[in-house]
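Subject: Structure handover

Hello,

Please find the structure below. My notes on what was found in it follow.

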2 protein chains.
Amino acid sequence: MSVISREVHLIKRPDGMPVAGDFSIVEREVDDPAEGEVLVRNVYMSVDPAMRPPLTNGQTKLNETMGGGAIGKIVASRHPSLAEGDYVQHRFGFREYFTSNGEGLAKVTTDGEPLTTHMHVLGGTGFTAWGGLLITGQLKEGENVFVSAAAGAVGSVAAQIAKIKNCRVVGSAGSDEKVRYLVEELGLDYAFNYKNGSIARELHIGLPDGIDVYFDNVGGAHLDAAVGQMRALGRIPICGMISAYNNKGARSEGVTTLANMIYNRVTMRGFVVYEFNDRRDEFLADMRQWIADGKLKYRETIMEGIEQAPHALIGLLHGDNIGKMLVRLSEE
Amino acid sequence: MSVISREVHLIKRPDGMPVAGDFSIVEREVDDPAEGEVLVRNVYMSVDPAMRPPLTNGQTKLNETMGGGAIGKIVASRHPSLAEGDYVQHRFGFREYFTSNGEGLAKVTTDGEPLTTHMHVLGGTGFTAWGGLLITGQLKEGENVFVSAAAGAVGSVAAQIAKIKNCRVVGSAGSDEKVRYLVEELGLDYAFNYKNGSIARELHIGLPDGIDVYFDNVGGAHLDAAVGQMRALGRIPICGMISAYNNKGARSEGVTTLANMIYNRVTMRGFVVYEFNDRRDEFLADMRQWIADGKLKYRETIMEGIEQAPHALIGLLHGDNIGKMLVRLSEE
């Protein structure tokens, strides 16, 4: 017996913003698991800004199944320690089924919380925000914090953690609806729609004494404005640069204010979530507590079916989502 | 009795490159020292790129004596611990004489070396290079290092320290004469005249495997090229941004390559020399040893007389000097 798996292939490297025609949905027959293997049916796949640069820089191969974070359910097992019905988290997204010898699969243990939370607040997205802010950013209680793309999956967690740490928090977003969400639902001190005017002026209004920590998801004009307003010994954890990803070579708009890093002895550091792996237990304990206390909220934007995966990614790059962008590939 | 001191005043804030007419030489009568005071006759004053931003940002006051690093000789003393004939280092440059109660004066103890070395290799310039490279930059043996403005006072020390640490070292400079100096006299592995072509291409030639540490004195186009070629866990100590200092708000040419900081987890940090004060003994021991061993060389460009001070600063900003730019105000 075998199953038919629909998978997403990149068939053309995008020049600028990706379009639907850069992708194709391909059917493939997936065999039954051999001895020592499992068959995984993917349930949710993650759609992340970080997927964009590999489409152009060659890391994502043409005419092959794309990767990406996902949670799947084991539907057949000939593996000694993975059982039918187990959920596993992995990097083999953008496909409905696959077989595996278990390498790269991590069992998901839920504690009453929705499975999807392991795709965002309790998963890599939340860990990125927690580690980037607290480890890379060395956030201290009561500081002045700016988070860009604050209504996004990572940004919304970073902004709320900063609030939990009694910081003054300003967020930027790309629509008035998102700005309302940030202030009214997440409790940020100030938020603004960056499409409506000068980012530098908005930061002067929101953080008149300057910025201690800028959690950067956007780069370019956001970074240019923020670097110029950093205070002494400020930190800039660089999580992402979504404003640059559709440009050739992922080049951002020019940042011209970097001389302020000298006078104010500012640190800017790019980070990747796997650097924090030895702190995962602490991260999970923090997040579960904050969610239980009602201090940390989340939203999900869920599209249905593998055929929506390219649209989900394109939509994400257009800023269509609030919170985490997911695609549901099958029933839990 | 009193002495006549000639002093430099800023009389007009420069718009772009400073010109002679922005400064004026003013004569002033300096009284004999009162009880508890000394009279200092300045001998050498330092001319530094870092003096440029204060001319525009307001830190340097109009129509007042300018400050700046200098070494002076005590020519009259009514102070309990400072004697006639002592040399003192201080921030009261751009003047011939001044009285002081001793605050801000540090005695200079020479050990056979020329007094001028305390203005560069054994002074703040050398300490900036040593601390920026070894502490902020966390240089490790055998790494790939790029130093911009490598024929300048700080750059030439940083480049040589990197060579002493068995690194592959590439330097940039603004003339073919300086490039020859870097390769033939200082022993750099590769050097290039940044005015003659693409900095990114030169870096690919000089450091084909990428950059571990970029010691930045220049900012702008240099930084743009270097950030794009940083290797995993690379460090960028930001010492200065001379390319930006004549621009409004010290804005540099735009840096567009910062997304590489994410993938390669690069750290960029601005620093100021006083951060290293607790390591001064170690710095002096290192430098004296390296100079004695013939591993660390230096050049000085010395102009004569206080009336040359504005020209020295303007010349420095035009890149006229190799090594340290000094003005001699009187005989030792």
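Into which domains is chain A divided? Chain A splits into domain 1 (2–120 + 299–328) and domain 2 (124–276 + 284–290), with bounds that come from an automatic or database domain assignment.

Some conventions before the rest. This is a predicted model, in which local features need pLDDT of at least 70 and side-chain atom pairs count only at pLDDT 80 or more, while totals for chains, interfaces and linings use all residues. Residues are numbered from 1 along each chain as its sequence is written, and chains are lettered from A and ligands numbered from 1 in the order in which they are written.

Domains of chain A

The C-alpha centres of domain 1 and domain 2 of chain A are 28 Å apart. Each of the two domains of chain A gives 14 residues to the contact (two residues are in contact if their C-beta atoms, placed from the backbone, lie within 7 Å). On the domain 1 side, helix H1 (52–57) and strand S15 (324–328) of chain A are the elements that give two or more residues; helices (H or I, at least four residues) and strands (E, at least two) are DSSP runs, numbered from the N terminus. By class, that side of domain 1 of chain A has seven nonpolar, five polar and two charged residues (nonpolar: Ala, Val, Leu, Ile, Met, Phe, Trp, Tyr, Cys and Pro; charged: Asp, Glu, Lys and Arg; polar: the others, Gly among them).

Contact between the chains

Chain B touches 28 residues of chain A with 28 residues of its own. Helix H7 (260–263) and strand S13 (267–270) of chain B each supply at least two residues to the chain B side, and S13(B) gives the most, with four. The chain B side comprises 14 nonpolar, nine polar and five charged residues.

Strand S13 (residues 267–270) of chain A pairs with S13(B) in the antiparallel sense over three bridges; two strands pair if DSSP finds at least two bridges between them. In this pairing, Thr267(A) is opposite Arg269(B).

The sheet

Twelve strands form an open sheet with mixed pairing, in the order S10(A)-S9(A)-S8(A)-S11(A)-S12(A)-S13(A)-S13(B)-S12(B)-S11(B)-S8(B)-S9(B)-S10(B). Its edge strands are S10 (190–193) of chain A and S10 (190–193) of chain B, each of which pairs on one side only. Within chain A, S8 (residues 144–147) and S11 (residues 211–215) run parallel and are joined by three bridges, with Val145(A) opposite Val213(A).

Helix H4 (residues 176–185) of chain A lies across S9 (168–173) and S10 of chain A, at about 175 degrees to S10(A). Axes are lines fitted to C-alpha atoms, for helices over the stretch in contact, and angles run from 0 to 180 degrees between N-to-C directions.

Regards
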